[in-house]
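Okay, thanks for coming, everyone.

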Amino acid sequence: MKFILWPNPTFLRYSLLFSLLLCISTTAISCTSTSSQELAPDEKISDSNYPINHTLRVAVLPWQSSEGQEEKLEALAKYLGTVLQRPVNFQVTKNYAEAVDLIAKEEVDIAYLAALTYIQAKERNPNLKPLVVPIDRISGRPWYTSVIVANTTKNINTLEDLIGKRFAFVSPSSTSGFLIPMNGLQNANIDPISDFDSIRYSGSHDQAQQDLADDVVDAIADDKASFLRSQKSGKLDTNYKVIWESNPIPGPPIVINTKKFSPETIKQLQGALIDAPIGFVDVSGTESAGYTLSKDADFEEIREIYNNLKSITVPEK
């Protein structure tokens, strides 16, 4: 799914976020505030390797079903086109691996990834750097947790009860939908390959929940916030419960290619993102409680888990 949109003056009243997207544009462009005053020349941002007519290319992980994610991205795409005064290409990738490919091969400029996909992309392109991570609206912290959710009508109340059951991961490249729950299962001496009756990869958290609701599987790997939203919406009723929860996981980083942007622009972009209003729509389709700074070292624990499990392949069956 792609959105390429040009400016719409209706959105110009959002002057606070204009500074955020001005930084992304990384070129000398005029900025109009609520009083329609132009920035002083020394306030303009210019990166010679990012020309004015360059389309800002942004890759987005398929956290939700494409239909739901398209709807929530449309307003954001219109806003970005307005404040940047340039076309913006939002690309929701067909899978997690494609998002890694696009940012690693420098076919996009910015990507909204997760901890694991960032680690995989940085292995291939050392120029990548996390700018910020969202602050979870529920916990008020820059982290979230992975959960395993089960249909308790199938007599599943513990990890051990999963033996002989049907299970769905999100994607082999999903942090909360595969890597972290896989680590939890291994620590409980459960081998999905031999112990589960069937294994599937749903492709998105939204679809994994649908597979559970449709009785395609008996339990799923998910992130807690996503599961709570599905309960609130009525998609999953009270028969579906969390039977395992992980330790905190660093939030999904907004990743930038440092080779394409000057250090000054990157620093300004970080500051602008942190100052963004609470409730600004995250491209995952959720509303964060703002952003905070992030660095590569924040993902070291996840990197260690990944290195321990990267040689293990869990096929569908």
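Helices (H or I, at least four residues) and strands (E, at least two) are DSSP runs, numbered from the N terminus.

Before I go on, the ground rules. This is a predicted model, where local features need pLDDT of at least 70 and side-chain atom pairs count only at pLDDT 80 or more, while totals for chains, interfaces and linings use all residues. Residues are numbered from 1 along each chain as its sequence is written, and side-chain values use heavy atoms, with hydrogens and water left out.

Back to S3. Buried means under 20% relative accessible area, exposed means over 50%, and partly exposed is in between (1.4 Å probe, protein chains only). Val88, Phe90 and Val92 cover one side of S3, Asn89 and Gln91 the other, and all of them are buried.

Now the chain totals. We have 10 helices and 14 strands, and of the 317 residues in the chain, 52% are buried. I also looked at contacts, meaning heavy atoms within 4.5 Å. Taking contacts with a separation of 6 or more, 76% are between residues 24 or more positions apart.

Next up, an open sheet. It has 5 strands in the order S9-S8-S10-S7-S11, with mixed pairing. Strand S9 (198-201) and strand S11 (240-245) are the edges; each has a single partner strand, so one side of each has no neighbour in the sheet. On average, neighbouring strands of this sheet are turned by 30° against each other, ignoring direction. For the angles, axes are lines fitted to C-alpha atoms, for helices over the stretch in contact, and values run from 0 to 180 degrees between N-to-C directions.

Inside that sheet, strand S8 (residues 166-169) pairs with strand S10 (residues 219-223) in the parallel sense over 2 bridges. Phe167 has Ala219 in S10 as its bridge partner.

Which helices lie across these strands? One is helix H7 (residues 205-213), which lies across strand S7 (146-151), S9, S10 and S11 and runs at about 150° to S10. Another is helix H8 (residues 224-233), across S7, S10 and S11, at about 110° to S10.

Then there's a spot where two loops come together. Gly203 is in the loop between S9 and H7, and Ser171 is in the loop between S8 and H5. They are 32 residues apart along the chain, with their C-alpha atoms separated by 5.5 Å. Gly203 is partly exposed at 31% relative accessible area, whereas Ser171 is buried at 9%. Leaving out residues up to four places away in sequence, Gly203 touches Pro62, Tyr96 and Val170. Counted that way, Ser171 touches Tyr96, Gly177, Phe178 and Tyr201.

On to a helix pair. Helix H5 (residues 175-187) and helix H10 (residues 300-309) have axes that come within 11 Å and cross at roughly 70°. H5 and H10 are therefore roughly perpendicular to each other; angles under 35 degrees count as roughly parallel, over 145 as roughly antiparallel, 65 to 115 as roughly perpendicular and the rest as oblique.

What meets what there? From H5 you have Thr175, Leu179, Ile180, Met182, Asn183 and Gln186, and from H10 Ile302, Ile305, Tyr306 and Leu309. By type, the contact of H5 with H10 has 7 nonpolar residues, 3 polar and no charged (Ala, Val, Leu, Ile, Met, Phe, Trp, Tyr, Cys and Pro count as nonpolar, Asp, Glu, Lys and Arg as charged, and the others, Gly among them, as polar).

Glu106 is not a glycine but has a positive phi of about 65°. Glu106 sits in the loop between helix H3 (96-104) and strand S4 (110-112), partly exposed at 23% relative accessible area. Asp215 also has a positive phi, near 65°, and is found in the loop between H7 and S10. Asp215 counts as partly exposed, at 38% relative accessibility.

Notes:
Two strands pair if DSSP finds at least two bridges between them.
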